[in-house]
Amino acid sequence: MTQDLPLDGIRVIDFTHFLAGPHLSRSLAAMGADVIKVERPKGGDAGRYHPYFKDGQSGYYLQQNMGKRGICLNLKDPRGMDLMKRLAKSADVFVENFRPGALAKLGLGYEALSRENPGLVYCSISAFGHTGPKSDKPGFGLIAEAISGAMAQLGEPDQAPPLMRMPIADMYTGMHGVAAVNAALLGRVKSGRGQHIDLALYDCMVSMHDYAVQQYFLSGGTVVPKKHGSRQPESTVYGAFRAKDGDLVIAAQVDDAWARLAGLIGGAALNDRFLTPAGRNDNHAEVYALVEDWTGQQDSLAHCIAQLDAAEVPAAPVQTVDQIVRDPQILARGMLIEQDHPVLGKVTLPNLPFRFSGCDTTPRCVAPLLGQHNAEIAAELGYDAAEIAAFKDDGVFYAEEAAG
């Protein structure tokens with residue numbers, strides 16, 4: 001691997017908190033960008049107060065902010081605001097996830113910053129976007145997941161839907177931000193100008209519908225997806241099943257896979273009514289019952305999986321976290337990384353999935369302590385030692401004790 005990282009030489013200002021924005025900028029850092037995380041005294045990013053904690057440090061924060069440098073800045077002091085604007089003028093990308101209009105009031109909106117830096121790619125993330133009747137409403141990923149129609153399809157028919165225990169809306173929006181920022185940077189090569197990217201958690205969740213929205217419109221508005229628990233009646237067989245000592249999923253919705261599964265199960269599963277997708281869907285309750293009866297009769301989950309693998313029927317156990325972190329595939333792919341943290345010592349965290357043939361995307365540093373790089377970044381912007389010392393003494397800069 002001899003090539004530079006794709007975003008080497010690109011400076012990103014990360015003025016975000018919690019998840020979608022930090023995940024976006026963490027990904028840009030992995031691709032080589034110099035990401036400077038800006039936090040405000042004395043608490044910094046609210047993600048620092050999200051569990052799991054060890055010795056006062058948040059693992060949540062560590063995961064989403066690795067690879068970045070950090071500065072903690074009092075924007076109420078004119079000197080702090082001046083430094084922030086200098087930082088923005090030096091940047092290629094500015095990422096923020098405040099409520100629409102909040103940064104414009106501070107003079108840090110796209111219009112103001114792009115006048116001084118026409119090439120700036122400015123990415124805003126919010127719950128509902130910067131336009132539309134809900135644009136001024138606050139929100140989190142949970143709100144977007146609920147209002148988008150996604151949660152309405154989850155769980156058992158007569159129960160409240162379960163929470164999506166992974167932050168789908170935030171992470172998906174963050175990844176859309178990575179794509180949009182890189183596209184805007186590429187467009188800047190031709191035009192010489194940046195632009196404002198307006199990303200909404202709600203929009204991203206609605207865009208994820210692969211079936212339900214088209215089904216609704218193509219049916220003339222007569223079909224609204226319902227909850228079916230661990231089954232997918234429109235794709236039989238595609239769902240979760242119980243074995244004697246654990247759970248598994250089977251994806252045998254296409255004819256070839258179903259034929260192999262039916263051959264393995266035998267008996268009623270070979271019924272001619274089940275030969276086509278339409279036939280299986282029309283009789284989905286009967287088909288799922290046959291599969292569930294078979295999985296429940298096997299000696300063990302491992303025996304189920306072994307037989308399905310031998311028959312080349314796509315299947316997998318439902319793994320728990322302690323199993324995932326020992327999975328040879330995950331270890332072979334480098335999806336867990338060990339880092340040296342100045343307070344915690346060795347920490348192990350999930351990696352990002354980017355793999356390039358010509359360069360290594362392993363994070364170059366751990367998440368910054370609060371205010372860890374105050375002096376370093378100020379010096380790069382042209383402030384002298386006396387000014388930097390005054391910033392520290394006067395509270396323009398703030399740093400946690402471990403950062404010095």
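Reader: Where is the place of valine 237?

Author: Valine 237 sits in the loop between helix 9 (212-218) and strand 9 (238-243). Bear in mind that this is a predicted model.

Reader: What kind of peptide bond joins threonine 236 and valine 237?

Author: The value to read is omega. Threonine 236 and valine 237 are joined by a cis peptide bond, with omega about 10°. Another cis bond links proline 41 to lysine 42, where omega is about -15°. Lysine 42 also belongs to a loop, the one between strand 2 (34-39) and strand 3 (53-54).

Reader: How many helices and strands are there in the chain?

Author: The chain has 17 helices and 13 strands. Its C-alpha trace spans about 85 × 50 × 40 Å along the principal axes.

Reader: What percentage of the residues in the chain is buried?

Author: Of the 404 residues, 43% are buried. To read contacts, look at how far apart the partners are in sequence. Among contacts with a separation of 6 or more, 69% are between residues 24 or more positions apart.

Reader: Which residues is isoleucine 36 in contact with, leaving aside its neighbours within four places in sequence?

Author: With those neighbours set aside, isoleucine 36 touches Arg11, Val12, Ile13, Asp14, Arg69, Ile71, Leu87 and Ile377. This isoleucine is part of strand 2. Isoleucine 36 has a relative accessible area of 0%, so it is buried. For distance across the model, take the pair isoleucine 36 and histidine 303: they are 267 residues apart in sequence, and their C-alpha atoms are 51 Å apart in space.

Reader: Next, cysteines. How many disulfides does a search of the whole structure find?

Author: A disulfide is a covalent bond between the sulfur atoms of two cysteines. The search of the whole structure finds zero disulfides. Cysteine 123, for one, is in no disulfide, and the nearest cysteine sulfur, in cysteine 204, is 9.5 Å away. The cut-off for a disulfide is a pair of cysteine sulfur atoms within 2.5 Å.

Reader: Is cysteine 123 buried or exposed?

Author: Cysteine 123 counts as buried because its relative accessibility is 0%.

Reader: What is phi of glutamate 312 near?

Author: Phi of glutamate 312 is near 60°, again a positive value in a residue other than glycine. Glutamate 312 is in the loop between helix 13 (301-310) and strand 11 (315-317). With a relative accessible area of 57%, glutamate 312 is exposed.

Reader: Helix packing next. At what angle do helix 10 and helix 12 pack?

Author: Read the angle together with the distance between axes. Helix 10 (residues 255-265) packs on helix 12 (residues 284-297) at about 55°, and their axes are 11 Å apart. The two helices are therefore oblique to each other. Their crossing is left-handed. Helix 10 contributes Trp258, Leu261, Leu264 and Ile265 to the contact, and helix 12 contributes Val287, Leu290, Val291 and Trp294. By class, this contact has eight nonpolar, no polar and no charged residues.

Reader: In which hand does helix 1 pass helix 7?

Author: The crossing of helix 1 and helix 7 is right-handed. Helix 1 (residues 20-30) and helix 7 (residues 168-191) pack at about 45°, with axes 8 Å apart. Helix 1 and helix 7 are therefore also oblique to each other. Contact residues of helix 1 are Ala20, His23, Leu24, Ser27 and Leu28. Those of helix 7 are Asp170, Met171, Gly174, Met175, Gly177, Val178, Val181 and Asn182.

Reader: How do the residues of the contact of helix 1 with helix 7 divide?

Author: They divide into seven nonpolar, five polar and one charged.

Technical notes:
Residues are numbered from 1 along each chain as its sequence is written. This is a predicted model: local features need pLDDT of at least 70, side-chain atom pairs count only at pLDDT 80 or more; totals for chains, interfaces and linings use all residues. Side-chain values use heavy atoms; hydrogens and water are left out. Buried means under 20% relative accessible area, exposed over 50%, partly exposed in between (1.4 Å probe, protein chains only). Axes are lines fitted to C-alpha atoms, for helices over the stretch in contact, and angles run from 0 to 180 degrees between N-to-C directions. Helices (H or I, at least four residues) and strands (E, at least two) are DSSP runs, numbered from the N terminus. Angles under 35 degrees count as roughly parallel, over 145 as roughly antiparallel, 65 to 115 as roughly perpendicular and the rest as oblique. A crossing is left-handed if the near helix is turned anticlockwise from the far one by less than a right angle, and right-handed if clockwise. Contact means heavy atoms within 4.5 Å. Ala, Val, Leu, Ile, Met, Phe, Trp, Tyr, Cys and Pro count as nonpolar, Asp, Glu, Lys and Arg as charged, and the others, Gly among them, as polar.
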